[in-house]
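Please read this briefing alongside the sequence and the structure displayed below. It takes up a pocket and then a single side chain.

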Amino acid sequence: MIQTEAWVLYEGTNGANGNGKFKPHVDLRLEIFSFPSLQDQEVLVEPVVGCWEGNMSHAVCHEPVDICKLRKEERIVIGNAGVVRVLKAGPGVTSLKEGQLCLVFCNGICDEKGYPQKIYGYDAPHTIGIMAKRTKLLERQLIKIPEATRYSPNQWAAFSLRYVTAWANWKVAYGVWKLQAGDADYPPSVWGWGGGVTLAELSLAHIAGCPAFMMASSKDRLSLIQKCGIEGVDRTLFGELNFCPETYKSDEDYKQRYQKAENAFLEFVAQKTQGRGVSIFIDFIGQPVFRVSLKSLSRPGVITTAGWKRGMDLAVIRALECMNWHTHVHTHYARYSEGVEAVEFAERTGWMPALEDKLWSWEEIPNLAREHSLGSVNSFFPLYQINPL
């Protein structure tokens with residue numbers, strides 16, 4: 001057995017109150033965690049820098065499911081984005097050696113074509129995430145960082161999940177739009193709601209020569225968006241652009257406020273797109289913005305996502321979507337080959353995250369979990385230290 005210090009999450013001990021709000025504490029416990037010795041295709045690693053992801057907040061909030069119960073494990077270690085150092089490779093491992101720095105590629109369980117089904121360090125059973133001083137992964141769950149890389153381990157940690165997800169999703173969404181509108185004499189107008197993945201994907205759109213727009217409500221985020229060559233759109237200009245179907249039906253005042261906000265946004269889109277509408281809408285939020293995103297789309301148009309933040313259940317009028325030639329793209333993380341492609345493209349072109357100065361310490365991880373779950377962390381890429389470089 002291997003023993004290590006880790007931040008451990010227990011079944012059903014923290015999360016949301018009955019009113020759906022996150023509790024004011026996070027019950028991550030610093031404990032000794034044990035796991036079986038190295039097997040043939042496994043690699044023992046020392047995590048260096050992690051990046052806090054939305055799925056981690058879902059886990060500590062036990063929403064939409066209790067991950068421990070789902071995995072049938074009383075206690076687990078989460079964390080599936082970051083950079084690790086190889087300590088020892090199993091006898092069947094051929095591509096990695098001691099001392100190499102690698103990205104975590106968090107495809108925990110995949111189908112026969114390599115598409116992810118469950119995610120390492122989240123819902124894949126018996127995986128030990130990187131919020132541990134030592135852990136082990138399969139050889140195919142690590143991608144070597146180029147030895148002569150121009151970029152820091154912190155940048156690669158921020159890149160590891162969000163940028164790989166963006167690469168795979170953009171490849172499909174952009175490909176679909178080109179298939180539908182290949183004879184268009186204008187580049188697609190690409191807009192996005194969300195956080196780090198959306199920013200990464202819009203950066204790809206910018207590199208491809210597409211006009212790119214991203215909504216945000218804080219000055220810091222809008223400033224960072226602009227630095228990436230993307231036009232930042234101040235979401236606060238549109239008032240109550242937060243759709244709730246139940247309230248829309250029951251509250252006439254809310255309905256009028258929402259319609260005013262929606263109309264203002266649609267007018268803004270029409271102005272920015274010469275009346276064509278949005279060619280590709282990247283939506284990592286869900287129900288609060290899904291309605292206005294569909295109304296914003298051009299004909300043909302693509303709405304795309306690889307995740308959600310609020311509201312998983314969405315309703316569409318299929319006849320309208322068909323008549324408007326709207327394609328809905330859904331992807332889930334990436335295949336290993338796409339992770340390798342993303343790394344190679346990033347090193348060659350400079351498609352990398354611009355980072356803020358804040359690096360949370362190992363001891364501060366529960367605070368990071370709490371603040372992120374409350375929506376108080378403004379960073380697109382919240383990084384935390386695990387072991388020294």
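By class, the lining of the second largest pocket is made up of 10 nonpolar, three polar and four charged residues, where Ala, Val, Leu, Ile, Met, Phe, Trp, Tyr, Cys and Pro count as nonpolar, Asp, Glu, Lys and Arg as charged, and the others, Gly among them, as polar. This is a predicted model, in which local features need pLDDT of at least 70 and side-chain atom pairs count only at pLDDT 80 or more, while totals for chains, interfaces and linings use all residues. Residues are numbered from 1 along each chain as its sequence is written, and side-chain values use heavy atoms, with hydrogens and water left out.

Pocket
- Of the 17 residues that line the second largest pocket, Arg291, Leu294, Ala315, Val316 and Ile317 lie nearest its centre (a pocket is an open set of points on a 1 Å grid over the protein atoms alone, where a 1.4 Å probe fits, with protein on both sides within 12 Å along at least five of seven lines; lining residues have an atom within 4 Å of a point).
- Helix 8 (287-296) gives the most to this lining, with five residues, and helix 9 (318-323) supplies at least two (helices are DSSP runs of H or I, at least four residues, and strands of E, at least two).

Arginine 85
- Arginine 85, placed in strand 5 (residues 82-89), is buried, with a relative accessible area of 15% (buried means under 20%, with a 1.4 Å probe and protein chains only).
- The side chain of arginine 85 makes a polar contact of 2.2 Å with the side chain of glutamate 46 (a pair of N or O atoms within 3.5 Å, one able to donate a hydrogen and the other to accept it; residues adjacent in sequence count only if both atoms are side-chain atoms), and it reaches the backbone oxygen of proline 388 at 3.4 Å.

Conventions:
Buried means under 20% relative accessible area, exposed over 50%, partly exposed in between (1.4 Å probe, protein chains only).
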